[in-house]
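Welcome! Take a moment to look over the sequence and turn the model around before reading on. The notes below walk through a few spots in turn.

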Amino acid sequence: MKRLLFVDDERRILDGLRRMLRSQRGQWEMEFVESGAEALARCTAAPLDVVVTDMRMPSMDGAALLREIAHKSPGTIRIVLSGQCDRATVLSTVATAHQFLTKPCNPEVLIATLSRACAHRDALAEERHRLMVGQIAAVPSLPARHAELVAEAASPGASVERIGAIVAADVGMSAKIGQLVNTSFFGAPRRVACPKRAADLFDLDTLRAMVLSTPVFAPFDSAITTHGILEVLTEHALAVAASARRIAEMESDDPSVAHDAYWAGMLHDVGLHLLASRMPECFEKSIRDWQEGRAALPDLEQGMLGTTHADIGAYLMALWGFPDPVTEAIWLHHAPARSTQAGFSPLTAVHVADAFDQGRVGGPRAVSTALDRAYLARLGLEGRLDAWWTTLQEPMPQGVCR
């Protein structure tokens with residue numbers, strides 16, 4: 001049974017949460033405490049799966065509490081549930097809180113958020129991997145791109161548009177800006193078309209503060225950057241994102257499907273960036289063995305680590321509040337047949353776009369190896385491959401995020 005702790009200095013709020021979550025008593029072991037000190041004592045006494053805390057509390061506020069919990073128990077899912085906060089207060093949480101919910105919170109939204117977080121935590125089998133992912137505050141960015149971002153933010157003539165363009169061209173920055181708009185860190189959650197549109201939701205002062213005063217955007221510091229692998233992965237992510245969206249637009253009139261396909265395409269290999277940062281030797285060996293044709297990359301990772309970059313990337317994006325269609329596409333882009341979806345979804349678009357872009361480098365055989373035709377046949381979509389391929393050879397439409 002999952003162990004959840006709720007922290008708020010107002011007794012009436014805690015009583016309301018008890019009533020709101022009464023239906024979950026058979027699934028969750030829930031405790032309710034009125035101070036950060038009590039919360040830390042409970043955290044020390046036994047492992048916690050989830051902590052949900054208010055921000056404004058005497059003695060120890062929510063930001064300080066989450067910093068302590070992140071240090072003592074990095075695998076604990078950390079969620080803020082608070083009233084409207086000023087910018088400085090919110091900025092103090094962006095490196096330690098996985099999600100931010102605002103009061104009053106709809107009971108269904110709160111239960112769904114907590115249920116999703118717990119379910120995705122179980123999907124990453126080994127505790128050591130959950131601990132690794134749980135303590136990540138930022139997905140590392142290409143050093144040159146990060147330097148460009150800092151220079152632009154510090155410039156007297158900085159603009160939201162230019163900052164957004166830099167963010168949208170980097171996997172790590174895109175992941176973080178997506179976290180901030182998918183949950184309530186800065187206003188109501190929004191599902192937008194792409195990372196550039198996400199950056200456009202912020203005013204210049206807030207973007208500057210995030211870039212210059214917080215660790216939400218951090219450069220990659222591993223020696224792996226000298227090998228050029230991360231640059232290749234970034235170009236691949238941009239190509240897959242653009243192609244996945246075009247495929248989704250061909251198959252669905254729902255703009256959210258295309259939006260989710262773009263985000264999932266951009267972030268489908270975000271787990272590789274995490275492995276390169278946290279486990280560089282394993283990352284280098286798996287990439288080298290894959291390039292030499294010894295086995296498929298997920299199989300190599302599974303053999304060495306007991307998990308894959310898809311598992312790790314999907315877990316972090318789920319922790320950060322990305323919607324289910326995005327996290328599923330990240331998780332299953334190498335194994336789409338494991339999905340229970342009966343029709344076209346962002347997963348379909350990302351799987352095909354990923355295979356097509358591998359073919360750009362490795363030729364038709366690479367496409368054939370990467371593409372799960374049985375999965376497409378099950379959906380009745382195998383006959384669409386030629387149309388998708390033909391469309392993707394055409395010039396990119398104007399106004400597309402890239």
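Helix α6 (residues 127–134) packs against helix α17 (residues 309–319) at an angle of about 50°, and their axes are 10 Å apart. Axes here are lines fitted to C-alpha atoms, for helices over the stretch in contact, with angles running from 0 to 180 degrees between N-to-C directions. That angle makes α6 oblique to α17; angles under 35 degrees count as roughly parallel, over 145 as roughly antiparallel, 65 to 115 as roughly perpendicular and the rest as oblique. On the α6 side, R130, M132, V133 and G134 make the contact, and on the α17 side I312, Y315, L316 and L319 do. Contact means heavy atoms within 4.5 Å.

## About the model

This is a predicted model, in which local features need pLDDT of at least 70 and side-chain atom pairs count only at pLDDT 80 or more, while totals for chains, interfaces and linings use all residues. Residues are numbered from 1 along each chain as its sequence is written, and side-chain values use heavy atoms, leaving out hydrogens and water. Helices (H or I, at least four residues) and strands (E, at least two) are DSSP runs, numbered from the N terminus.

## One side of α2

Which residues of helix α2 (residues 36–45) are buried? They are G36, A39, L40 and C43. Buried means under 20% relative accessible area, exposed over 50% and partly exposed in between (1.4 Å probe, protein chains only). These four lie on the same side of α2, because they cover an arc of only 100° around the axis. The arc is that of the directions from the helix axis to the C-beta atoms.

The exposed residues A37 and A45 sit on the face turned away from the buried side of α2. Among the elements covering the buried residues are β1 (2–7), β2 (28–33) and α3 (62–72).

## The nonpolar core

The largest nonpolar core has 126 residues, and F6, L114, I177, M210, L267, M317 and W320 touch the most other members. Helix α12 gives the largest share of this core, 10 residues. Such a core is a set of buried Ala, Val, Leu, Ile, Met, Phe, Trp, Tyr and Cys residues joined through side-chain atoms within 4.5 Å.

Not counting residues up to four places away in sequence, L114 touches L4, F6, W28, V50, V52 and I79.

T234 belongs to helix α12 (residues 229–251). With a relative accessible area of 2%, T234 is buried. Leaving aside residues up to four places away in sequence, T234 touches L142, R145, A169, V171 and H273.

R197, in helix α10 (residues 195–199), counts as partly exposed at 33% relative accessibility.
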